[in-house]
Amino acid sequence: MKRILDYFTKGELALWAVSTFAVVVSFLIFDRQNWLTLAASLVGVTSLIFAAKGHPAAQAMAIAFAVMYGIISLGFAYYGEMITYMFMSLPMAAFSLVSWIRHPSDNKNEVRVNRLKAREYVFMAFLAILVTVVFYFILKYFNTANLIPSTISVTTSFVAVYFVFRRSPLYAVGYAANDVVLIVLWTMASFENVSYIPVAVCFTAFLANDIYGFINWQRMAKRQAGTQTAAA
């Protein structure tokens, strides 16, 4: 436990504590029954603070979160979320876990930040458009609730998991965009059932953590570049 506490800064521990507190309080006020929602939220928040540090454990927890969140989404007919997390986010988290383990920085508890070339952004954009079009018709076929926001969520999720796999700081930007979409989706769901308010609160906490993740990955990139320069 002491090693874990020493690994994070006081600010990071405070961010994690506030996030988990918000999740637990919202669960106790609005739900108290769907314990899977609480478990998924706590695992997700914890995975993000590890992701912000570039630690591979984040991807292991992301796998668990994808399974739990997929089940939750299925319960409200958010088939886009279920399909996205079970069949895209989950396998990509597994691939990312391997990628992060295989590409450590000089600090063994931190992944090496990758700088993508311009042509890869074009390739990623092409794939994102393709995924968006395909999933729109898939989700429409299954009568997915809130079709347009659900489709946008698929797009932002794909962009995020692609950047995670490629070890780019922009993963956090993709997830932050996805968080905003999901806050809207689950707020809409909470109008019909207040027990979904904790899920909206969960993604609000995710948004704060992803913003910090982007900031910290920029620091990591500069530090790693400085280390490589000094070694050269």
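**Rings, fold and a few residues**

Mentor: F8 is buried, and F50 is buried as well, where buried means under 20% relative accessible area, exposed means over 50% and partly exposed lies in between, computed with a 1.4 Å probe and protein chains only. Before we go further, this is a predicted model, in which local features need pLDDT of at least 70 and side-chain atom pairs count only at pLDDT 80 or more, while totals for chains, interfaces and linings use all residues. Residues are numbered from 1 along each chain as its sequence is written, and side-chain values use heavy atoms, with hydrogens and water left out.

Trainee: How many aromatic pairs does the structure hold?
Mentor: The structure holds 20 aromatic pairs; rings of Phe, Tyr and Trp (its six-membered ring) pair if their centres lie within 6.5 Å, and planes under 30 degrees apart count as stacked, over 60 as edge-to-face and the rest as tilted.

Trainee: And what are the plane angle and arrangement for F8 and F50?
Mentor: Their ring centres are 5.1 Å apart and the planes stand at 85°, so the pair is edge-to-face. The pair links distant parts of the chain, since F8 is in the loop between helix 1 (2-7) and helix 2 (10-30), F50 is in helix 3 (residues 35-52), and 42 residues separate them. Helices here are DSSP runs of H or I with at least four residues, strands are runs of E with at least two, and both are numbered from the N terminus.

Trainee: Which residues form the aromatic cluster?
Mentor: One aromatic cluster is formed by F65, Y69, Y85, W186, Y196, F203 and F206.

Trainee: Stepping back, how many helices and strands does the protein chain have?
Mentor: The protein chain has nine helices and zero strands. Its radius of gyration is 18 Å, close to the 17 Å that the globule rule gives for 232 residues, so the protein chain is as compact as a globular protein of that length. That radius is taken over C-alpha atoms, and the rule is 2.2 Å times the number of residues to the power 0.38.

Trainee: What box do the C-alpha atoms fill, and what share of the residues is buried?
Mentor: Taken along the principal axes, the box is roughly 60 × 45 × 25 Å, and buried residues make up 50% of the 232 residues in the protein chain. Of the contacts in the protein chain with a separation of 6 or more, 73% are between residues 24 or more positions apart, a contact being heavy atoms within 4.5 Å.

Trainee: What about R167, buried or exposed?
Mentor: R167 counts as buried, at 8% relative accessibility. R167 sits in the loop between helix 7 (147-165) and helix 8 (171-190), and phi of R167 is near 60°, again a positive value in a residue other than glycine.

Trainee: Now for A52: which residues is A52 in contact with, leaving aside its neighbours within four places in sequence?
Mentor: On that basis A52 is in contact with Y171, Y212, G213, N216, W217 and M220. A52 lies in helix 3 and is buried, with a relative accessible area of 0%.

Trainee: Where is N216, then, and how far is its C-alpha from that of A52?
Mentor: N216 is in helix 9 (residues 197-231), and the C-alpha atoms of N216 and A52 are separated by 6.3 Å, although the two are 164 residues apart along the chain. N216 is buried too, with a relative accessible area of 9%, and, neighbours within four places in sequence aside, N216 is in contact with E12, A52 and K53.
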